[in-house]
Amino acid sequence: MRTHAVIAAAVTAGTLAALTASPAQAAEYSSALKLRGVQYDAPGRDSNSCSTGNTDEEYLTIKNYSSSVTVNLRGYYVKDAAGNRFTFTANHYLQPGDYVRVRGGNGTDSDAGNVVYRDNCNFIWNNDGDTIYFYKPSGSRADVHSYTKSANDRDGNGYITFH
């Protein structure tokens with residue numbers, strides 16, 4: 001009898017340990033698309049002038065980490081902590097392992113060039129820190145990352161890698 005009680009206690013303890021370890025892994029959202037990184041601080045002095053500014057040098061990289069599924073970004077959206085938002089309104093297909101850079105400013109979207117422009121000359125990501133939310137067309141969260149310049153940008157180049 002005692003042997004069974006000890007084994008049962010050990011099994012229970014192992015199960016609890018496994019359950020306790022799970023929440024850290026559960027924070028990862030179930031999506032093939034992830035925020036790869038962000039150039040939150042465009043090189044040079046910030047200028048949101050549409051004709052001479054550098055908002056196109058601020059970008060968010062989204063990557064398809066699937067090994068077999070092509071994903072259409074239409075309907076996906078990103079936003080910051082203040083609620084500034086960009087929605088993919090046109091078809092843009094990410095092949096497995098492919099990525100897209102969502103740039104500020106105006107330009108021509110290109111599947112081949114892996115770029116989509118927000119058609120907005122205002123900066124979206126704060127230089128001192130922000131939270132980037134990435135949502136599926138259904139409204140469920142695909143990924144989220146917070147950063148601060150002091151904690152996450154160790155080399156001071158204005159770019160942070162997430163995945």
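1. In this predicted model, the structure holds one salt bridge. Its partners are arginine 118 and glutamate 58, whose closest N and O atoms are 3.9 Å apart. Arginine 118 sits in the loop between strand 8 (115–117) and strand 9 (129–135), while glutamate 58 sits in the loop between strand 1 (33–39) and strand 2 (59–64), so the pair ties together parts that are 60 residues apart in sequence.

2. On the burial of the two partners, arginine 118 has a relative accessible area of 13% and is buried, and glutamate 58, with a relative accessible area of 2%, is buried as well. Side chains of opposite charge can pair when their charged atoms come close.

3. The largest nonpolar core has 24 residues, of which Val38, Leu60, Ile62 and Phe134 touch the most other members. At least two residues of this core come from each of strand 1, strand 2, strand 7 (99–103), strand 9 and strand 10 (141–148), and strand 1 gives the most, with three residues.

4. Phenylalanine 134 deserves a separate look: leaving aside residues up to four places away in sequence, phenylalanine 134 touches Leu33, Leu35, Ile62, Leu73, Tyr76, Tyr77, Val78, Arg141, Ala142 and Asp143.

5. As for the chain as a whole, there are two helices and eleven strands, arranged along the sequence in the pattern α-β-β-β-β-β-β-β-β-β-β-α-β. Among contacts between residues at least 6 apart in sequence, 57% join residues at least 24 apart.

6. Of the 163 residues in the chain, 36% are buried, and the chain exposes about 9,200 Å², with carbon and sulfur atoms supplying 50% of that area.

Note on methods. Residues are numbered from 1 along each chain as its sequence is written. This is a predicted model: local features need pLDDT of at least 70, side-chain atom pairs count only at pLDDT 80 or more; totals for chains, interfaces and linings use all residues. Side-chain values use heavy atoms; hydrogens and water are left out. A salt bridge is a side-chain nitrogen of Lys or Arg within 4 Å of a carboxyl oxygen of Asp or Glu. Helices (H or I, at least four residues) and strands (E, at least two) are DSSP runs, numbered from the N terminus. Buried means under 20% relative accessible area, exposed over 50%, partly exposed in between (1.4 Å probe, protein chains only). A nonpolar core is a set of buried Ala, Val, Leu, Ile, Met, Phe, Trp, Tyr and Cys residues joined through side-chain atoms within 4.5 Å. Contact means heavy atoms within 4.5 Å. Accessible areas come from the Shrake-Rupley method with a 1.4 Å probe; for residues, only the protein chains shown count as cover.
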